[in-house]
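Please view the structure before reading on.

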Amino acid sequence: LAVNGERARERPPALVITDLMMPGMDGAALIAALRADAESAGHPPPPIILMTAAGAARARGIPADALLPK
């Protein structure tokens with residue numbers, strides 16, 4: 001399933017599970033964009049689970065609701 005920014009704006013997701021390391025937009029940028037979109041639309045952001053094989057230290061500071069190590 002590809003991320004479609006317009007679709008996510010029209011119908012906000014109930015839950016987002018994303019990887020930290022992805023081509024193009026990484027997980028940190030995706031989380032920032034989702035949170036900014038939710039704030040500008042006036043609704044709460046969806047719960048976000050960040051998956052990573054990079055370790056918790058690399059994910060530190062990224063505002064995900066949960067961290068799922070691979």
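## Contacts and basis

Two residues are in contact when they have heavy atoms within 4.5 Å. The model is predicted: local features need pLDDT of at least 70 and side-chain atom pairs count only at pLDDT 80 or more, while totals for chains, interfaces and linings use all residues. Residues are numbered from 1 along each chain as its sequence is written, and side-chain values use heavy atoms, leaving out hydrogens and water.

## Fold

Three helices and three strands make up the chain. Helices (H or I, at least four residues) and strands (E, at least two) are DSSP runs, numbered from the N terminus. Their order along the sequence is α-β-α-β-α-β. The radius of gyration, taken over C-alpha atoms, is 12 Å, close to the 11 Å from the globule rule for 70 residues, so the chain is as compact as a globular protein of that length. That rule is 2.2 Å times the number of residues to the power 0.38.

The C-alpha trace spans about 35 × 20 × 15 Å along its principal axes. Of the contacts with a separation of 6 or more, 50% join residues 24 or more positions apart.

## Core

Buried residues (under 20% relative accessible area, 1.4 Å probe, protein chains only) are 21% of the 70 in the chain. A nonpolar core is a set of buried Ala, Val, Leu, Ile, Met, Phe, Trp, Tyr and Cys residues joined through side-chain atoms within 4.5 Å. The largest has nine residues, among them Val16, Leu34 and Ile48. Helix α2 (27-41) and strand β2 (48-52) each supply at least two of its residues, and α2 gives the most, with three.

Which residues does Leu34 touch, not counting those up to four places away in sequence? Leu34 touches Val16 and Ile48.

Key: Buried means under 20% relative accessible area, exposed over 50%, partly exposed in between (1.4 Å probe, protein chains only).
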